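User: I have a model open and want to go through a few spots in it. Can we start with how you count charged contacts?

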There are 2 protein chains.
Amino acid sequence: MDFFFYPSSVAVFGSFKKGAIAYEILRNIVEGGFEGKIIPVNPKGGTVEVAGRTFEIRGGLEEPVDTAIIAIPAKFVPGLIDDIGPLIKGAVVISAGFSEVGNADLERELVEKARKHSVRIIGPNCAGIFGVHGKFFGSFEVRVRLGGLTLISQSGAFGGAALAMGNDEGIGFSAFVSYGNASDLNESDFLKYFADDENTKAIALYIEGVKDGRRFLKALRYATKRKPVIILKAGKSAGGARAAASHTGSLAGSYEIYRAAFKQAGAIEVEEMEELFDAAKAFEMYSKAGKRVVVITNSGGPGVLATDKLERLGLEMARLSDETVNELRSFLPPQCSVKNPIDLIADADYERYRKTIEVVCRDGNVDSLLVICVPPIFLPSEEIARAVIEADCDKPVIVNFMAGELVRDGVQLLEGHGVKNFPTPERAAKALAWLARC
Amino acid sequence: MDFFFYPSSVAVFGSFKKGAIAYEILRNIVEGGFEGKIIPVNPKGGTVEVAGRTFEIRGGLEEPVDTAIIAIPAKFVPGLIDDIGPLIKGAVVISAGFSEVGNADLERELVEKARKHSVRIIGPNCAGIFGVHGKFFGSFEVRVRLGGLTLISQSGAFGGAALAMGNDEGIGFSAFVSYGNASDLNESDFLKYFADDENTKAIALYIEGVKDGRRFLKALRYATKRKPVIILKAGKSAGGARAAASHTGSLAGSYEIYRAAFKQAGAIEVEEMEELFDAAKAFEMYSKAGKRVVVITNSGGPGVLATDKLERLGLEMARLSDETVNELRSFLPPQCSVKNPIDLIADADYERYRKTIEVVCRDGNVDSLLVICVPPIFLPSEEIARAVIEADCDKPVIVNFMAGELVRDGVQLLEGHGVKNFPTPERAAKALAWLARC
């Protein structure tokens, strides 16, 4: 499937009027910096201007390309595939109006034409794809930052919203697939492909239902052996399952069966959309962590909240060795608490944070660190951010800087160094629980 | 306690060097627009400039003021209270160094001096107070928007972080109290006071432990009869309780007892910091709602996620009346789903949203509405925001606009009209569950 996610040439079919789907996709491809050949196609011809470049709109496709992105009326799609089949390897069919509105015959025809020419299909009725490391933004959805997460979404709107929210959350993406009706390629194919994609560190999957449970489970096992797979399953409740049936036609099936299957296959199931982001952030940084956590904080309350959540999730508050405690006492002011949570108190500065992180990190009883900072007014949050970044520690460090505008600069500095911030103590604790597979 | 939260005059004691605590508090009071008399006091005298105004620093307090804010070294505080006691009604003691570090005698002396002059004390070892409707920002914490939430926090740092994050979340505040060691006034006093404060619509409480359980329960019952009280209890787990003991000296006690007491008293207990914000947002808008919810969405996936969460939390998907279904069918395109969740599909515009909200709102089977919008590229989110704002509906409407930058303008418009946005379908569902007391 490299021709989809690392294409060297692409043709876009549809209307190139401003605001039209094909125009928006073309714009995304061009503005995203795609370095391969880009061919807009529409029988009416003409030209289209995008990002200061003028493209001639071809009346038809006359040369081979890796991938076609198709946003023309549904009824013309099978004919187009038959027509350009010999010239393309894959087609992303954005167009809606197939099985999701009862036109199963049209969808079958589309697949038959594709098979005839050995063309693989993503969609129809989908939002498109991103291959971020190939600078290929083949979707009308908002472009994202380069990173390690591949998002595979059965729902286009969910996917689009998640990409935009991922930008806000500091997530970096390697790829995105909205696979819509899954007429040809489906979640199982993508799981297997991205399991072996070297730019993908973690896979996040939104599904309402799967068509072939056995195949899915096999693909899921294949993927989880290679990298973390995070799953958000929608259609869990009775009403949710009915809604899913009406939305993607999925037989959501018994949630208990899915749940057991995810667990058995070693996937990380999350309960909410927000958790999908948080787990993704954790796994973009680390693939796993042990259960024994130390909490380092400069304010008591948030330290207590973190402790509550960690223990509730089945993690353990690490018991620091006597050596660590003595070393901490040797440089920390007497008001600091050297129990776990370690309270560095409000005036903790760069040195206090950095040294504490380093000392604790060397303790054999500690698997991972949760570092909390509520910056006092007299200390810029960047100073503590630098301490986290510069501390010499080879164990997972999960960070919770909080206080809105007061930590904006610190969080930005952290993110610039690949350290993602979790906005509350509890969300940071959950990140550690996923890493520890609790 | 009006002299604390609606003072007509205030004296600030401490150092007025830039960056010093007293200076920062003075700056907050002045920049916050306090219209009463402001007197900085320091034996060294001199002047201090704040926000373009020059204040003479008095050597001592010589005229009566409602409230003194004190940020001088702990050991001098009892003497100062004895000295100025005849001139003040209340004192907010920011200074640390009392019982929290073992100086219980000094704290007892402070309280004795205050009692002698019938002066009430908030603190010591606290972050100060805000009376937002009195434009009185008597704390060094970040200033907040005017609104209906009073935040009472045992932890100063938690309180400060929550205020700053509340600004990001679109929360409006009526008041804030960080009460530190609670040497005199404590959570029970504040609960009772704000229960009767007409500007407070809801009270949020962060506690690690309470000193007098019986009195607290009585105050809590008093408050919940008058307005929603949201509680975040820290120190729930064994490790959390130990951490709380070391932080605020609270005997966190058995969490099960607290939990039962909260429930019995009719308070809304939340599990996480983020939920405190979400519940606060819901209760700033509405005091309650029924259990039968209708979900209106323009994208299937998020509608399924909302349904899952609503049912999981014990809410019901409202069964629309035949009349409602027929009326919806009369104007909605045939591809829309008129079951609950109602899917208005991606091209839903102002009219479609507004009319649907109004028709559904009239249905006697519907208690509340959850309106989801993932704006498609061709539609500005403000258009849907306007539909929500202008729809004629007298039932609770909880809104989930999502897609990061794509909904920024829409969310801003909503907030400008007092409609708070919940960033995921699940968080919106939880808001409805709190309103329904599920």
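Analyst: A salt bridge here is a side-chain nitrogen of Lys or Arg within 4 Å of a carboxyl oxygen of Asp or Glu. Keep in mind that this is a predicted model.

User: Fine. What does R312(A) form a salt bridge with?

Analyst: Its partner is E271(B), and the closest N and O atoms are 3.0 Å apart.

User: And how many salt bridges are there between chain B and chain A?

Analyst: The count is twelve.

User: How much area do chain B and chain A bury between them?

Analyst: About 4400 Å², with 63% of it on carbon and sulfur atoms. Chain A puts 58 residues into the contact, and chain B also puts in 58 residues.

User: Switching to β13(A). How many of its residues are buried?

Analyst: Five of its five residues, 229-233, are buried, and the strand is mostly covered.

User: Which way do they point?

Analyst: V229(A), I231(A) and K233(A) point one way from β13(A), while I230(A) and L232(A) point the other way. In a regular strand the side chains alternate between the two faces of the sheet. Both sets in β13(A) are buried, K233(A) included.

User: What stands opposite K233(A)?

Analyst: I207(A) does. That residue belongs to β12(A), residues 202-207, which runs parallel to β13(A) and is joined to it by five bridges. Between β12(A) and β13(A) the chain passes through helix α7(A), residues 213-226, in a right-handed β-α-β crossover.

User: Which strand do three bridges join to β13(A)?

Analyst: That is β14(A), residues 268-270, again running parallel to β13(A). In this pairing L232(A) stands opposite V270(A).

User: Now W434(A). Where does it lie?

Analyst: In helix α16(A), which covers residues 425-435.

User: Buried or exposed?

Analyst: W434(A) is buried, because its relative accessibility is 8% and the cut-off for buried is under 20%.

User: What does W434(A) touch?

Analyst: Leaving aside residues up to four places away in sequence, W434(A) touches I268(A), E269(A), V270(A), E275(A), D278(A), A279(A) and F283(A).

User: Last one: how is chain A divided?

Analyst: Into domain 1 (1-125), domain 2 (141-285) and domain 3 (288-435). The C-alpha centres of domain 1 and domain 3 of chain A lie 49 Å apart.

Methods: Residues numbered from 1 in each chain as written. Chains lettered and ligands numbered in written order. Predicted model: local features only at pLDDT ≥ 70, side-chain atom pairs only at ≥ 80, totals over all residues. Heavy atoms only, no water. Buried < 20%, exposed > 50% of the residue type's maximum accessible area, 1.4 Å probe, protein only. Helix = DSSP H or I, 4+ residues; strand = E, 2+ residues; numbered from the N terminus. Pairing = 2+ DSSP bridges. Right-handed = clockwise from strand over helix to strand, strands pointing away. Domains from an automatic or database assignment. Contact = heavy atoms within 4.5 Å. Buried area = accessible area lost by both parts, 1.4 Å probe.
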